Amino acid sequence: MTATQGHLAALSRFVFRTPRWYTTLTFALLIAAVSGVAAFDSAFVLDDAWQGVFFVGLPTVAASLLTAPLDRRLGGRLTHNHSSLLALFSELLVIGILTVAAVVALATPLGQPFVFDALLLALAAIFAVRLLVVLAVSRHRLAIAALPAGLQTAAAAVLLVVYTGTLRFVGDSGPLVDRLFSRANHADLPVVFRPQDLLVLALMCLVYAGAVWLFLLVIDRPWRRSLGVSALEFVGGFMSHLAEGSRELETFFEEIGETAVVPVSVLSFRRPSDDEEKARFVLPMIHPGPMGDIGGGNLPVRIDEHADGLAFPPHATAGHDFNLVTEREVETLVDAAERAHGQIEYAATATPGSRVEAGEATLTGHAFDSSAFAAATFAPGYADDVEFGVGLSAIAAARDGEFEDVMLADAHNCNDGLTGPDLGHVVPGSRRAFDLIDGTERLADRLAETTQSTLELGTARDPTPWDAEDGIGSLGIRAALLGVEDHTTAYVLIDGNNMVPGLRERIIEAVDGPDLLEVLTTDTHAVNTIEAENPVGGSIPEDELVALIDDLLAQARADLEPVEAGMATERAEVTVFGNDRTEMLASTANAVVSLGAPLAGAFIVAVLAISVLLFFLT
């Protein structure tokens, strides 16, 4: 991941799961009751609270319950959870503006008329905010989006018309109309809502709608120029995925994706007594991103579902350019893995585990007949993804000798986060790229010269007591212990996205038993639904993690038995983000975010100036 991509990923910190609509609505009514106690001054506190619920909470309830059905009837995507949270935010915005206005009115000679003007401004402001969200999520035309967006403002305006006696300014409307729509004597609102005030509110809403439309037009232009798609498609899909688990974001990624041919390697171990598979390492050369279970984000779980033996899906040497655009592409990789598995020729021998160092790169691996497996790390140096081309070059260097197939896994086990100019992305031409290529070649040469003997394998797994919020995916932790003669090598695979610096070394130092130990992560992005940075060790006690790994290796040692091993590789054609598309997406998003805040500030100043002008003119 480059620094630019890191800035994009870091935007996840601003996003959270939308609470259930009834939870949001309950909180909104509670806030309305409290605001009623503060705003009204009747003889009883409960009367004040009730008036707050009625005059502040009722428009929120109407907007919460009616926005989503109306929006969906018009072809939109808003859910009840979306609309309730939006209504609550709008309610808080109105209360905030009125609170500030009340303080200003008390401290200056502006008085009550200023508070009423602030109320009109607040109602127009929440219309603008709601319109922005509806346009972003549902992508209606402006006139259509204004209908669900205007519900909360309209509901508040209706209450003002009815309970401040607005109809008395338009003449005699008859006893029935007065009884139903002129009920000023049933409330003690400190405002008078005249017909011209309703006109001012309507004009302000028109101005704010125009500002929202122009703001989105300016923000959208860079996306359409660089990527050929609308920013609203990305924003809407992103919000829907993080709030509701929707897969709409994949449609956006499909539009910018490119076709790629990727190797899919399978290393299988089986018991010679019954030919039953005991373990399977599967390594498609793609990146398990971009987030959550979107695209290939939850690839490790899908691989596990299709393996007969215990599945080990380590991270491949591929970066974010090789994110799958949709979950459907995973099936293509699974099919390729099944084809490769069907072509495997097994052998009962392997080399003892071997480890070499080349510059910053450390590689640990085995040879199985004419195939080889290697796990690469740059720990204790910080590193993130290895570029696809670098990985292919390293594999080619290893295959130049006696090996027909080589599986090269990126251990992905030491990173310090998403800040700084260099996030550790191993790119062509870098010193680390040559370290990896040289190290892979040296390991292959050493393995080719090493005598092979009978192979034993023991495995163990634990789902762990931790979950995605703790940085551990649903596969938990898995261990494979390979024994050749008197030498044992352990590969511990953690279903997570990278590890905190130094944790790998502390695990290796603390765990007794194997002669060689390497700790890998799957780089699953299922642990990055909310936070872009959620490495293994960041949220869980290290001593508990070490104890669990130690116990797993003891179980694996007890499980050691003779096995046969074999490897095969197939190619799969899939749609991925594509070369430079991820960087372009990240650069465009970061530029828009940087531009958005000052641009929004300029628009707010402009519409406030127009609002003040309208107050003076009317």
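Residues are termed buried when their relative accessible area is under 20%, exposed when it is over 50%, and partly exposed in between (1.4 Å probe, protein chains only). By this criterion Ala-316 is buried, with a relative accessible area of 2%. The structure is a predicted model, in which local features need pLDDT of at least 70 and side-chain atom pairs count only at pLDDT 80 or more, whereas totals for chains, interfaces and linings use all residues. Residues are numbered from 1 along each chain as its sequence is written, and side-chain values use heavy atoms, with hydrogens and water left out.

Ala-316 is located in strand 4 (residues 315–316); helices (H or I, at least four residues) and strands (E, at least two) are DSSP runs numbered from the N terminus.

Two packed helices are described by the angle between their axes and the distance between the axes. Axes are lines fitted to C-alpha atoms, for helices over the stretch in contact, and angles run from 0 to 180 degrees between N-to-C directions. For helix 4 (residues 80–107) and helix 5 (residues 112–138), the packing angle is about 155° and the axes are 9 Å apart. Helices 4 and 5 are therefore roughly antiparallel, given that angles under 35 degrees count as roughly parallel, over 145 as roughly antiparallel, 65 to 115 as roughly perpendicular and the rest as oblique. Helix 4 passes helix 5 in a right-handed crossing; a crossing is right-handed if the near helix is turned clockwise from the far one by less than a right angle, and left-handed if anticlockwise. Helix 16 (residues 503–510) and helix 17 (residues 542–558) pack at about 50°, with an axis separation of 10 Å, which makes helix 16 oblique to helix 17. The crossing of helix 16 with helix 17 is likewise right-handed.

Across the whole structure, 18 salt bridges were found, each defined as a side-chain nitrogen of Lys or Arg within 4 Å of a carboxyl oxygen of Asp or Glu. One of them joins the side chains of Glu-561 and Arg-271 at 2.9 Å, N to O. Glu-561 belongs to strand 14 (residues 561–562) and Arg-271 to the loop between strand 1 (258–270) and strand 2 (277–284), so this pair ties together parts that are 290 residues apart in sequence. Glu-561 is partly exposed, at 22% relative accessible area, as is Arg-271, at 21%. Both residues also take part in a network of salt bridges with Lys-278 and Asp-559.

A salt bridge between Asp-304 and Arg-478 has an N to O distance of 2.8 Å. This pair links distant parts of the chain, with Asp-304 in helix 12 (residues 299–305) and Arg-478 in strand 11 (residues 477–484), 174 residues apart. Asp-304 is partly exposed, at 21% relative accessible area, whereas Arg-478 is buried, at 5%. In the salt bridge of Arg-280 with Glu-277, the closest N and O atoms are 2.9 Å apart, and both residues are buried.
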